[in-house]
Protein chains: 2
Amino acid sequence: MSAAAPSDQPLRLGIAGLGTVGIGVVKIVQRHAEMLAMRAGRPVEITAICARDRKKNRDADLSGFAWEDDAVALATREDVDVFVELIGGDQGPAKDATEAAIRAGKDVVTANKALLAHHGQALAELAEAEGRVIRYEAAVAGGIPVIKALTEGLAGNGIRRVMGVMNGTCNYILTRMEDAGLPYDTVFEEARQLGYLEADPQLDVGGIDAGHKLAILSAIAFGTQVSFSTVTLEGIGRISIDDIRRAGDMGYKIKLLGVAQMTRRGLEQRMTPCLVPASSPLGQLTGGTNMVVLEGDAVGQIVLRGAGAGEGPTASAVMGDVMDIARGLRLPTFGQPATSLTQVTPAMAPAPAPYYLRLQLADKPGALAKVATVLGESGVSISRMRQYGHADTAAPVLIVTHKATREAIDFAIAQLPATRVVEGEPVAIRIEEL
Amino acid sequence: MSAAAPSDQPLRLGIAGLGTVGIGVVKIVQRHAEMLAMRAGRPVEITAICARDRKKNRDADLSGFAWEDDAVALATREDVDVFVELIGGDQGPAKDATEAAIRAGKDVVTANKALLAHHGQALAELAEAEGRVIRYEAAVAGGIPVIKALTEGLAGNGIRRVMGVMNGTCNYILTRMEDAGLPYDTVFEEARQLGYLEADPQLDVGGIDAGHKLAILSAIAFGTQVSFSTVTLEGIGRISIDDIRRAGDMGYKIKLLGVAQMTRRGLEQRMTPCLVPASSPLGQLTGGTNMVVLEGDAVGQIVLRGAGAGEGPTASAVMGDVMDIARGLRLPTFGQPATSLTQVTPAMAPAPAPYYLRLQLADKPGALAKVATVLGESGVSISRMRQYGHADTAAPVLIVTHKATREAIDFAIAQLPATRVVEGEPVAIRIEEL
């Protein structure tokens, strides 16, 4: 049953994209050449590189590498064994060059979550038909080796749920709003000026980037075809400093939380603001750090925490994949043959959960009783409630419900205006139980 | 450069030791046969088993497996590809059968930290000479895939420091002392009655078990031969409820913390009580859960958290290793060739750190000034200090120092009796900076 030993020939990398991550990879290969060779049992070398602007001043010595202006040309070079795709984007050169590399018999290492979220199934099928591997640890949660933990370390587990805070910018914004008591728009602008936001900020604050990551994890966890289009996405733009504070009063933090789980209703994939217990590892996560929680039927709950972005962490993840290939590890892209991945049946609604409700209650006799009646008639029962002293005429009321369906919550909210005791728009946020 | 695909023949396991972990492995293989085959690309089967007492009633159907009374006989069976060693102990049948298995051309999966801590180098050399692999994820931190994260995920990093709370029983005892306000002896007795302690409790509370784990992580991290004998061990038996509370007042928690780092003085390996910031992930860790912190020069700090023991988590780790072998992953035992691992030069003293000091000060004028003078003359400077109201004549004083060497701390403590203002034995505990 012995597998053949991997080659002792140098493993030759072609790197497309020389932004911070690409330069980070170059630096690691240069700084740690001896260590990498020792650990891989063979040298790891860079033979060729490619980026948009050849003349740009970069923080690394690139003189020893062949230069290609075209990513496809790089990907198909004779002297490249592994195509390292750090271009980004789900179309154009990233996709073209990745496909060309596989067809030319190269393995691929990529940090491109959008590419995999949109074309993961087709790419996996192509790679497996050609006998090549695609590795993408850097695409999810930066430096945290979560793809490896899920695909390999937990391979003996039926996975029950995958959760995570996987967009550092959103977590930074929410943490900063809370710490500084600033409204969303102000902190959003701060983050933009600090360069924390993507060119299209909706990728961050709209949850799209994190949704890509969740779709990838979900495919591995549940043996399904990557299905980004069925991820329920809701960004953080509607989270108010008020809700952050009120949630805190009730013992919760608000996070942009990804949750994937297989239920009797089908596959549930959500990337939405949720409340989590303030004392839980997810609740304690502040700033730009990422955290992924993996729940398996044997292992229970595993929590992984680390930097979700940045030159070093992301380059570390790329190099982990490169080293796996150098050492001869060859797995199907999503941990089982691409042709065996099942099509997603999306759950039409999320599993029942407790909800946090915030209402402005008019200062009228019996107001609270009317709200309670509407909730009860909608099938929503109250677990905890807190009423605040009112300014002007309206008093904020916080309610933590028992487990309820989203339908019941929405139905209740739709009935509230008729009571004439609720002012403004009620807020309802799911509480994810950990 | 393509490595040959792994076999599609069934991978046949021989399991020695049918305690909770062994039964856990049997259950996973039986429950998840189809899933495992899908993920591994080949069936995973159990062909033979072995345990001390054949007649014992076990919580699994073992009727389909051949039975061996002798572990060596099991390990060398024709129809076994992987010897799964769950016997335990660093001598006797565990060692004999592991060696026999390797010599007979089997791969080995083991949960045996003592065996690896004591004989890791010899076993790794033997395995590599025979072209076999030894995998041991379950030996360190139970279900947390930390061996994989360190050896593979972080393979592109120079490792700076490895830290961890890796004995759940100790962390349970310390947490319980704090929560219930009970002294060590009482909680120790509770833990014994709950069955949380090894037959020889020093393995737990003396730090030996956790020290084994640290020695293993250290070898991978720094490319050194496993060297348990150079681990500085100090158990939790001398931690008082007083110190737990006082440390809490100063913003710290006391943990039995393993730390391995390569310094200019040599390799530092410590498994000793330390103070860590209460707000850090390590500080927030309560109960029997384990946590490992890996620091790499590219990735920064990665934190892994999960169950450190128990049937499911440990069996999950064993199965992760089995699946790696089934999938054709073949790495040297400690991540680089055993013959390339360097001999340990132990650091003669730990790197400088802040220390927590607790003294009982006599109620005499100028007492505090005398202590401060002794500390200053010993090269220990004070960062923060807190004096408590005194009962009888002696008042407790807490001091957090700036970074100091252990030698300076010990020298200062040796000078204190001569001041005649310090009563009883001063307590000094290292503060590990995170």
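Analyst: Start with the two chains. A rotation of 180° with 0.0 Å of shift along its axis places chain A on chain B, with an RMSD of 0.1 Å. The two copies are thus related as by a two-fold rotation axis. Both use the same surface: 100% of the contact residues of chain A recur in chain B. Keep in mind that this is a predicted model.

Next, the layout of chain A. Its domain assignment gives domain 1 (11-139), domain 2 (146-308 + 334-340) and domain 3 (355-430). The C-alpha centres of domain 1 and domain 3 of chain A are 53 Å apart.

Now the cavity itself. The count comes to 10 cavities of 30 Å³ or more. The largest cavity has a volume of about 90 Å³. Its lining includes Ile134(A), Arg135(A), Tyr136(A) and Glu137(A). Ile147(A), Lys148(A), Thr151(A) and Glu152(A) also line the largest cavity. So do Asp321(A), Leu331(A), Pro332(A) and Thr333(A). Two elements of chain A give two or more residues to this lining: strand E6 (134-135) and helix H6 (146-153). H6(A) gives the most, with 4 residues.

What classes of residue make up the lining of the largest cavity? There are 5 nonpolar, 2 polar and 5 charged residues.

Take Thr314(A), in helix H12 (residues 311-326) of chain A. Its relative accessible area is 7%, so Thr314(A) is buried, given that the cut-off is under 20%. Beyond its neighbours within four places in sequence, Thr314(A) is in contact with Val21(A), Ala138(A) and Ala309(A).

Then take Leu174(A), in helix H7 (residues 168-180) of chain A. Leu174(A) is buried too, because its relative accessible area is 3% and the cut-off is under 20%. Leaving out residues up to four places away in sequence, Leu174(A) touches Ile236(A), Ile239(A), Ile244(A), Ile254(A), Lys255(A) and Leu256(A). Pro145(A) and Leu174(A) are 29 residues apart in sequence. In space, C-alpha to C-alpha, Pro145(A) and Leu174(A) are 25 Å apart.

Terms used: Residues numbered from 1 in each chain as written. Chains lettered and ligands numbered in written order. Predicted model: local features only at pLDDT ≥ 70, side-chain atom pairs only at ≥ 80, totals over all residues. Heavy atoms only, no water. 1 Å grid on protein atoms, 1.4 Å probe; cavity = no way out; pocket = protein on both sides within 12 Å on 5 of 7 lines; lining within 4 Å. Points joined across faces, edges and corners; volume = space filled by probe spheres on them. Nonpolar A, V, L, I, M, F, W, Y, C, P; charged D, E, K, R; others polar. Domains from an automatic or database assignment. Buried < 20%, exposed > 50% of the residue type's maximum accessible area, 1.4 Å probe, protein only. Contact = heavy atoms within 4.5 Å. Least-squares fit on C-alpha atoms with pLDDT ≥ 70 in both.
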